[in-house]
Amino acid sequence: MTIDQLDPTPIYEQLAQIIRGRIKAGDLEERRLVPSESSLQQEHGIARGSVRRTRKC
């Protein structure tokens, strides 16, 4: 999945969905640290504020 800038869903919610999907797919282990803010920012080409806001989802 990728971030869709044209989707009306907020970017931070899209990122939360991507992270949940990666956990369900086994790409990320439950109860383990997710990638850092800077790596998520670079990987998805989004602002750090959007990554930080994802924590609240």
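This is a predicted model: local features need pLDDT of at least 70, side-chain atom pairs count only at pLDDT 80 or more; totals for chains, interfaces and linings use all residues.
A residue is called buried here when its relative accessible area is under 20%.

**Overall architecture**

The protein chain contains three helices and zero strands, arranged along the sequence in the pattern α-α-α. Its radius of gyration is 11 Å, close to the 10 Å given by the globule rule for 57 residues, so the chain is as compact as a globular protein of that length. Of the contacts with a separation of 6 or more, 41% join residues 24 or more positions apart. Further values for the whole chain are tabulated below.

| Property of the protein chain | Value |
|---|---|
| Box filled by the C-alpha atoms, along the principal axes | roughly 30 × 20 × 20 Å |
| Share of the 57 residues that count as buried | 26% |
| Accessible surface | about 4,400 Å² |
| Share of that surface belonging to carbon and sulfur atoms | 47% |
| Distance between the mean positions of the 10 positive and 8 negative charges | 8 Å |

**Helix H2 and its surroundings**

Helix H2 spans residues 37–44, and its buried residues are Glu-37, Leu-40 and His-44. Viewed down the axis of H2, these buried residues fall within an arc of 70°, so they line one face of the helix. The spacing follows a general rule: an α-helix has 3.6 residues a turn, so residues three or four places apart point the same way. The cover over the buried residues of H2 includes helix H1 (11–25) and helix H3 (48–54). Just after H2, Gly-45 adopts a positive phi of about 65°.

Notes:
Residues are numbered from 1 along each chain as its sequence is written. Side-chain values use heavy atoms; hydrogens and water are left out. Helices (H or I, at least four residues) and strands (E, at least two) are DSSP runs, numbered from the N terminus. The radius of gyration is taken over C-alpha atoms; the globule rule is 2.2 Å times the number of residues to the power 0.38. Buried means under 20% relative accessible area, exposed over 50%, partly exposed in between (1.4 Å probe, protein chains only). Contact means heavy atoms within 4.5 Å. Accessible areas come from the Shrake-Rupley method with a 1.4 Å probe; for residues, only the protein chains shown count as cover. Lys and Arg count as positive and Asp and Glu as negative; His and the chain ends are not counted. The place of a charge is taken as NZ of Lys, CZ of Arg, CG of Asp or CD of Glu. The arc is that of the directions from the helix axis to the C-beta atoms.
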